[in-house]
Amino acid sequence: MMKKMVVGLLVLCMSFGLSGIVNAAYGAKERLMPPETMITVSKAELDLRDNMRKLWSNHVFWTRLYVVSSVANQSDSGLNKERLLKNPEYIGNALKPYYGNDAGERLTLLLKDHILISADIIALSKKGEMTAVTERENKWMANADAIAMFLNEINPHWEVNEMKNLLLEHLALSKGELTARLNDSQLSDILTFDKIYTQALVVADAMTDGIVKQYPTMFGQ
């Protein structure tokens, strides 16, 4: 019994000792960090960033589900497309508090066009009508240009070329995802979606950064 008590006390002392070392290390790190280098983010900015990331994540998730179900001719393809087409409304609504209803509705329409063109590309690719696919891809890129220019009109911090490049990268990755799916290139399909998801978060953060820069006082800056 005495031996167990001694062992228990040793373990307890070691635990407190280790805790003290860890706390001291973190305390030293904090003391070495000048206050001006510490970054603080308001709850308003965190909420906006989380919401934008959720919206753009949903966009690529539902796009993927639609691609998968459409290529495989699954019965839920139409429902997936219907749900995908709701996401532009949610993204447009997220902008309305800052830019008004008209701007939000305009972005919604542009993003819905993006999705509808994508749906055409999927359908035509399945049929092997590549000339028509190329024509739709040109419309797809023109739509990306229109979205980038519109965003720059309402917020100069959304620089046209930067937003255009982000959107064109999204298109290229989406085309790669469709191609991999059509060719049953399973590993390529998975790896491409990993890139699509990561890139969607970059787009979301660019949207958030632009709003925060335009309305700094709303976000405690």
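The chain holds seven helices and zero strands, and from the N terminus on its elements run α-α-α-α-α-α-α. The model is a predicted one. Of the 221 residues in the chain, 39% are buried. Contacts between residues at least 6 apart in sequence join, in 68% of cases, residues at least 24 apart.

Two packed helices are described by the angle between their axes and the distance between the axes.

| Helix pair | Angle between axes | Distance between axes | Crossing |
|---|---|---|---|
| α2 (residues 43-71) and α4 (residues 87-127) | about 20° | 11 Å | right-handed |
| α2 and α3 (residues 77-84) | about 160° | 8 Å | left-handed |

The axes of α2 and α3 form an angle of about 160°. Because angles over 145 degrees count as roughly antiparallel, α2 is roughly antiparallel to α3. On the α2 side, this contact is made by Asn58, His59, Trp62, Thr63, Leu65, Tyr66, Ser69 and Ser70. On the α3 side, the residues are Ser77, Asn80, Lys81, Arg83 and Leu84. By class, the contact of α2 with α3 comprises four nonpolar, seven polar and two charged residues.

For α2 and α4, the angle is about 20°. Since angles under 35 degrees count as roughly parallel, these two helices are roughly parallel to each other. The contact draws on Leu48, Asn51, Met52, Leu55, Trp56, Asn58, His59, Tyr66, Val67, Ser70 and Val71 in α2. These residues meet Asn87, Tyr90, Ile91, Ala94, Leu95, Tyr98, Leu111, His114, Ile115, Ala119, Ile122 and Lys126 in α4. The residues of the contact of α2 with α4 divide into 16 nonpolar, six polar and one charged.

Asn80 is placed in helix α3. With a relative accessibility of 8%, Asn80 counts as buried, because the cut-off for burial is under 20%. Asn80 and Thr63 lie 17 residues apart in sequence, and their C-alpha atoms are 8.1 Å apart in space.

Asn58 has its place in helix α2. Its relative accessible area is 17%, so Asn58 is likewise buried. Residues up to four places away in sequence again set aside, Asn58 touches Arg83 and Asn87.

**The nonpolar core**

The largest nonpolar core has 50 residues, and those with the most contacts inside it are Met52, Trp56, Leu95, Leu151 and Trp158. At least two residues of this core come from each of α2, α4, α5 (130-154), α6 (160-182) and α7 (186-214). The greatest contribution is that of α4, with 15 residues.

Apart from neighbours within four places in sequence, Leu151 is in contact with Leu95, Leu107, Trp158, Met163 and Met207. Two of these partners, Leu95 and Trp158, are themselves among the core residues with the most contacts.

Notes. Residues numbered from 1 in each chain as written. Predicted model: local features only at pLDDT ≥ 70, side-chain atom pairs only at ≥ 80, totals over all residues. Heavy atoms only, no water. Axes fitted to C-alpha atoms, helices over the stretch in contact; angles between N-to-C directions. Helix = DSSP H or I, 4+ residues; strand = E, 2+ residues; numbered from the N terminus. Parallel < 35°, antiparallel > 145°, perpendicular 65-115°, else oblique. Left-handed = near helix turned anticlockwise from the far one by under 90°. Contact = heavy atoms within 4.5 Å. Nonpolar A, V, L, I, M, F, W, Y, C, P; charged D, E, K, R; others polar. Core = buried A, V, L, I, M, F, W, Y, C linked by side-chain atoms within 4.5 Å. Buried < 20%, exposed > 50% of the residue type's maximum accessible area, 1.4 Å probe, protein only.
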